[in-house]
Amino acid sequence: MPDDVNIEEHNGEHAEEPIDQIEGAFDEPAEEAAAEEPVTEQAAPPAEGEAAAEEELPLSTKNWFIIHTYSGFEQKVADSLKSRADAFGFAPQIGQILIPTEEVVELRNGKKVTSKRMLYPGYVLVEMDMNDELWHAVKATPRVTGFVGGGNSPVPLTADEVNSILYRQASSAERPRPKMTFEKNENVRITDGPFANFSGKVDEVNLERNTLRVLVTIFGRATPVELDFLQVEKV
């Protein structure tokens with residue numbers, strides 16, 4: 001993973017009309033008024049069978065599975081699966097093919113630059129109506145090394161697992177994550193702000209806020225400084 005539609009309400013004000021004019025509007029003979037009134041035909045209600053057919057939608061039997069691929073060939077595997085599905089006739093058993101990515105941000109020459117990064121390099125998510133024949137067809141796709149989990153009977157992802165991946169992908173578009181990650185006790189150098197060019201050690205990492213608490217030695221004392229991920233680099 002991309003909005004709002006503004007609806008403005010307008011209340012018109014009508015000027016007061018003389019009572020005689022308002023009453024005169026109803027003096028027209030009833031027959032003429034009825035003749036001028038357009039006659040609208042109402043469509044016949046659908047038959048019971050037709051209504052039931054519209055309401056009952058077929059339930060999808062497809063589940064999400066993870067395919068392991070050679071790293072760097074994720075997109076080629078996705079393209080090969082689509083072309084092979086059309087060529088060998090198993091396209092109806094294949095649903096969506098997803099390569100999970102997220103948007104990340106980094107500082108380059110003092111400017112924030114956003115790019116895409118794969119969430120799970122070497123893996124492709126495929127929605128499938130799984131059976132033995134399809135399992136062999138997918139596994140035989142060039143650069144596919146197999147399914148994740150379950151051996152010959154791979155276990156599908158749960159709905160919560162799929163939603164978690166989709167949510168992370170969609171939320172990163174609104175709030176890109178820092179490209180660099182840090183761990184406690186790592187040595188870093190501050191690249192931006194009043195403490196630029198100072199070096200220190202990571203004391204705490206806040207992944208929700210994408211901030212660090214770095215211990216910086218100032219006048220011989222270790223002073224904690226809170227910094228954004230984009231303000232430091234690894235030494």
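A nonpolar core here is a set of buried Ala, Val, Leu, Ile, Met, Phe, Trp, Tyr and Cys residues joined through side-chain atoms within 4.5 Å. Keep that in mind as you click through this predicted model.

**Stop one: the largest core.** Select Ile94, Val126 and Met128; among the 19 residues of the largest nonpolar core, these touch the most other members. Nonpolar side chains tend to be buried together in soluble globular proteins.

Zoom in on Met128. Leaving aside residues up to four places away in sequence, Met128 touches Thr61, Lys62, Asn63, Phe65, Gln93, Ile94, Leu134, Val138 and Phe147. Apart from this core lies another one of twelve residues, including Phe182, Leu212, Val216 and Phe229.

**Stop two: a buried glutamate.** Go to Glu102 in strand β3 (101-108). Buried or exposed, at 2% relative accessibility? Glu102 counts as buried, because buried means under 20%. Show side chains: that of Glu102 makes polar contacts with the side chains of Arg168 at 3.3 Å and Arg177 at 3.0 Å. Also touching Glu102 are Ser115, Lys116, Arg117, Leu119 and Ser172.

**Stop three: two asparagines.** Most residues other than glycine have a negative phi. Select Asn185, in the loop between β7 (177-178) and β8 (187-190); its phi is positive, near 75°. Then pick Asn210, in the loop between β9 (199-206) and β10 (211-218). Phi is positive there too, near 60°, and Asn210 counts as buried at 12% relative accessibility.

Terms used. Residues numbered from 1 in each chain as written. Predicted model: local features only at pLDDT ≥ 70, side-chain atom pairs only at ≥ 80, totals over all residues. Heavy atoms only, no water. Helix = DSSP H or I, 4+ residues; strand = E, 2+ residues; numbered from the N terminus. Buried < 20%, exposed > 50% of the residue type's maximum accessible area, 1.4 Å probe, protein only. Contact = heavy atoms within 4.5 Å. Polar contact = N/O pair within 3.5 Å; in protein donor to acceptor, adjacent residues only side chain to side chain.
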